[in-house]
Amino acid sequence: MSRLGSSPGVRAVVVALLAASLLLCGAIAVAGGAPGAPGAPGTSDGPGASVEPTGTFEFVDDASTETTAGSLDGSGSNAADVGDEDTIGVRNELSATDETGTVGVTTTAHVPDRVTGLEITLLTANGESVEADGFERVDDADGTETWEWDGETERPSLAYEMDANVSGEESGPLATGGTYRFVDTGEWALVRTPRTRIAGSYTGEPRIRSARENVVDGEGVASQAIAFLGPHEERVREGDEQRYRLIVPEAAEMEATPEEVFDVFEGAGNSLRAGGVDDEVVAIAAPTGEVAWSVRGLQTGDADLWVRDGEPTGTADDVWTHEYVHTRQAYDAEASARWFTEASATYYAALFALDRGATDFDSFERTLARGERDPAASSVLADPGSWRGNADYTKGSLVAGEIDRRIRLASDGRASLATVFRDLNDDPDPVTNRAFLDAVEAAAGESGDDEAATAVREAAERWITTSAAPETWDRDAHAEAFGETPAQIGYTIADDGVRATGEYRNRTVDRDPVRLVTGESIALAVDVSNTGGTTGSYDLSLSVDRETIETRNGTLDADEETTERFERTFTEAGEYAVRVGSETLTVAVSDPADALVRGVSTDADRVTAGESVVVTATVANDASIPAGSELEFRVDGETVGTEPVRLDVGAEATVEREVTVPESGDRDVATVSVVGPVDEASTTVTVERDGDGTGEASDADGSADDSDGTTDDGVTGFGPVVALVALLSLLGLSSRRRSR
């Protein structure tokens, strides 16, 4: 039997294999990531410390850099699942502070296991102290506050304050001359949400996503880009494509009803089928009681906006529609196409108001006609540096409207400006003027008429790139391109349509406010007109403090009008909101003022006791409201009757009453007086009694006293007995004569 031995050749092969094995193990160790390798912070026994990061991320609120997996997006119900192990989440909790003008913020991070490093930069911190849990401050070249995660804390957080007030002078048709875009009043706050930038590294696949959630600690609501802190009411409508949330602060007094605002949003959304549809729109009615806002409304973020609480929905420059249209603009415009952003919002606000019958064609035409006048008309829309007179709003809306009209005609109604809007939203690249004109030509050519499409493009290019401006079109031209305008029912209180009626007056009164007294009525004459192109119906109601009192309805042909009348009596003092159609009146009702007694007179200076005299009182009203009182008529202090008096403002009148002077008493003079609530007047009359030359005085025993020689029948020297004796004597004398 032989034994296998090792030869020199075999030993050489074994050595070579061992060397190769050692080299391979070293390479694997390097690839696995030794402690201290870039992107693997912590010690060798930390999670993932032995694994090299496979990627980095950087996210900024609402924007992302080239190295990110996306922006910090989402808020509230729209936020991605913060517990997702592929998603790094940031939760901002806003709270009120003791210092007016600031808002407290606590930013908490959810860090998935795959994240190996994290830094958060606070872009809106106000520079005051920051309370950190699981973060350490690191230097930042641009001076912003950047904090690095310690790699261990499961829910690291940063607590800090940010400035709430944002002010600035604004220009344009929506400017108000006020100060604030965002503000904290101490009682409530309407603010931007915090902004942060996060960066770091991760391992594995897929790439790390991001999610952001904004909430309010206490009363309030936060969306993606804005937050309201304070007591409020939230109204919600679920539309076909979107959910609408309207936040009405307790401090707000809305001109439009929530239902009207929702109708505006939903109607605009249905008319503007142009992409850029967000799942949810959040709108806040900004209180104006103590804040001078710099603009009438503001849209920010993807689909968040605020509008002043006093803004209506029934006008051609409706701000609610204007800001909603901005939420549908998903494109990014370069300078040469920037005009279209405000132009389309202004134009569609007027067009949609016309389409839904909230305004008439004359108002629509006047809104667009602003673009015909210099200096706006001479501005070059493609050159923002040349804009004068808010050209993007004024000339821009006119140009947008005329392009819309021509596209509709050239395409036989197959396309419109909304088609251009949709194409811009679909363009991933920044929109230039050339891209805009390409979209216009493509839309105008929907019917296949290339010549007509070219003509529309050339006209649009002339208005955008030169100082040329189109003219507004008339009602007939509108009907040709857009179809007959719908019925445009309008309600207006007539010039003399507010009257006060009742016992005190029946006349026209001032409206601001309407001042009445209890028992009076307000009579309203409301002109109802149809300025549209087709027959329409109306349903007009009178409401008092939101309670419907009366309703009138009917049908009007095109260009027809009628007048409806309402009347309401107020029996109790107070302040009432009276609404009819789209107009609201404040009615202040008070108790009547007191009538003043200026003087008194009688129709005779002398009166026989027991007989009557007519008393006339002169009364007046010096108050700013009607006066009403009861007047007492007195004789010698005793009330003998009362008469009511009702006087208009500044009026003077007389009140008469017949009063009887009592027979009892022995005074020769009676005092007649008229007594009002605050003053009185009196006069005297002579009272003629028996023995005063018109009556017969009596002796103490009751017999007549004829000492003055006057008989009962008034013949001097004769009384009833003397007359009888004389008669008998004459008869006796006559008898004696006959007997002779």
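Biologist: Happy to be looking at this predicted model with you. Which residues of helix H10 are buried?

Modeller: Helix H10 covers residues 475-482. Seen down the axis of H10, the buried residues fall within an arc of 105 degrees, so they line one face of the helix. Those buried residues are Ala-477, His-478, Ala-481 and Phe-482.

Biologist: What covers the buried residues of H10?

Modeller: Several helices take part in the cover, including H4, which spans 339-355. Two others named there are H5 (361-369) and H6 (394-410). So that the list is in one place, the cover includes helices H4, H5 and H6.

Biologist: Which residue caps the N-terminal end of H10?

Modeller: Look for a side-chain oxygen that lies 3.3 Å from the backbone nitrogen of Asp-476. The residue that supplies this oxygen, and caps the helix, is Asp-474.

Biologist: Let's move to the strands. Is Ser-210 buried or exposed?

Modeller: Ser-210 lies in strand S14, residues 209-216. Its relative accessibility is 7%, and the cut-off for buried is under 20%. Therefore Ser-210 counts as buried.

Biologist: How far apart in space are Ser-210 and Phe-57?

Modeller: In sequence, Ser-210 and Phe-57 are 153 residues apart. From C-alpha to C-alpha, the distance in space is 9.5 Å.

Biologist: Which strands stand at the edges of the open sheet?

Modeller: The sheet has 5 strands in the order S6-S9-S4-S3-S14, with mixed pairing. Each edge strand has a single partner, so one side of each is left without a neighbour in the sheet. The edge strands are S6 (131-133) and S14.

Biologist: How many bridges join S6 to S9?

Modeller: Strand S9 covers residues 157-163, and S6 and S9 run antiparallel. Across this pair, Ala-132 stands opposite Leu-158 in S9. The number of bridges joining S6 to S9 is 3.

Biologist: One last point about confidence. Which helix has the lowest mean pLDDT among the elements of the protein chain?

Modeller: The chain averages a pLDDT of 84, and 82% of the residues score at least 70. Over residues 1-50, though, pLDDT stays under 50. Helix H9 (residues 450-465) has the highest mean, 98. The lowest mean, 36, belongs to residues 8-32, helix H1.

Notes. Residues are numbered from 1 along each chain as its sequence is written. This is a predicted model: local features need pLDDT of at least 70, side-chain atom pairs count only at pLDDT 80 or more; totals for chains, interfaces and linings use all residues. Side-chain values use heavy atoms; hydrogens and water are left out. Buried means under 20% relative accessible area, exposed over 50%, partly exposed in between (1.4 Å probe, protein chains only). Helices (H or I, at least four residues) and strands (E, at least two) are DSSP runs, numbered from the N terminus. The arc is that of the directions from the helix axis to the C-beta atoms. Contact means heavy atoms within 4.5 Å. A polar contact is a pair of N or O atoms within 3.5 Å; within protein, one must be able to donate a hydrogen and the other to accept it, and residues adjacent in sequence count only if both atoms are side-chain atoms. Two strands pair if DSSP finds at least two bridges between them. pLDDT is the predictor's confidence in each residue, from 0 to 100.
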